[in-house]
Amino acid sequence: MKILLVDDHALVRRGVVHVLSEDLPDLTIVEKGTAQDAIDAVQSVHWNLIILDVNLPDKSGLDALKDIKRICPNLPVLILSLYPEAHYARRALKAGASGYLTKDTAPEEVTNAVKRILKGGRYVSAALAEQLAADLGTAAPDASEPHEVLSDRELEVLRLIGSGNTPTQIAEQLALSIKTVSTYRARILEKLNLRTTAELIRFAVDHQLTK
């Protein structure tokens, strides 16, 4: 079994490798630090599972997930993220992820998730499963958080604004023009009923959208 582990923090990668190697010693785990490295690896090597971070230096993990699923639709991807499930889990699952865990998850839960997904299953935490079940009985399941009304790209722009990035920095990170970033910012303000960049930053901080 070959697993591709994609996270820009070497310490996090080593921790995950240690956890999995203790219980699954026959696994081969290859580490990558960027979305592009992951996409290149998917195009050249067969993998049984990808463990993918949401926050990567060159591209959103959600965008990377969509690229990976276009290349290998049947390749399972487990999202292991710093961000709470309420912020990204639904988006990741809709984009084709086989599971979503946060980085404060107990080590044994990470191992259990990997085992289940390698056997062809899916994995979400008990709390997320309960929330998804509750959503089935609501008319608007994606409205549990105000920022759920944002598109994936708008959410990424909001996260970068909240983390203190300038429009120029955001444009460089997302390979967009500054004008396009400004358009996204205007849409976010309108959708969240906010008026200024300062209010956007406060919103992002209050909702734990910053890294």
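Reply: Exposed here means over 50% relative accessible area, and buried means under 20%. The model is predicted.

Me: Which exposed residues does the face of α9 turned away from its buried side carry?
Reply: The buried residues in α9 are V181, Y184, I188, L189 and L192. They cover an arc of only 140° around the axis, which puts them on the same side of α9. The face turned away from that buried side carries the exposed residues K179 and E190.

Me: How far apart are the end C-alpha atoms of helix α9?
Reply: Helix α9 has 15 residues, 178-192. At 1.5 Å a residue they should span 21 Å. The computed distance agrees with this, because the end C-alpha atoms of α9 are 21 Å apart.

Me: What do the buried residues of α9 pack against?
Reply: On the α10 side, R185, I188, L189 and L192 of α9 meet T197, L200 and F203. Taken as a group, the buried residues of α9 pack against α7 (152-162), α8 (167-174) and α10 (197-206).

Me: At what angle do the axes of α9 and α10 cross, and is the crossing left-handed or right-handed?
Reply: The two axes come within 11 Å and cross at roughly 70°. Angles of 65 to 115 degrees count as roughly perpendicular, and α9 and α10 are therefore roughly perpendicular to each other. The angle is roughly 70°, and the crossing is left-handed.

Me: Which residue just after α9 takes a positive phi?
Reply: Helix α9 covers residues 178-192. Just after α9, a positive phi of about 60° is taken by N193.

Technical notes
Residues are numbered from 1 along each chain as its sequence is written. This is a predicted model: local features need pLDDT of at least 70, side-chain atom pairs count only at pLDDT 80 or more; totals for chains, interfaces and linings use all residues. Side-chain values use heavy atoms; hydrogens and water are left out. Helices (H or I, at least four residues) and strands (E, at least two) are DSSP runs, numbered from the N terminus. The expected span of a helix is 1.5 Å times one less than its number of residues. Buried means under 20% relative accessible area, exposed over 50%, partly exposed in between (1.4 Å probe, protein chains only). The arc is that of the directions from the helix axis to the C-beta atoms. Contact means heavy atoms within 4.5 Å. Axes are lines fitted to C-alpha atoms, for helices over the stretch in contact, and angles run from 0 to 180 degrees between N-to-C directions. Angles under 35 degrees count as roughly parallel, over 145 as roughly antiparallel, 65 to 115 as roughly perpendicular and the rest as oblique. A crossing is left-handed if the near helix is turned anticlockwise from the far one by less than a right angle, and right-handed if clockwise.
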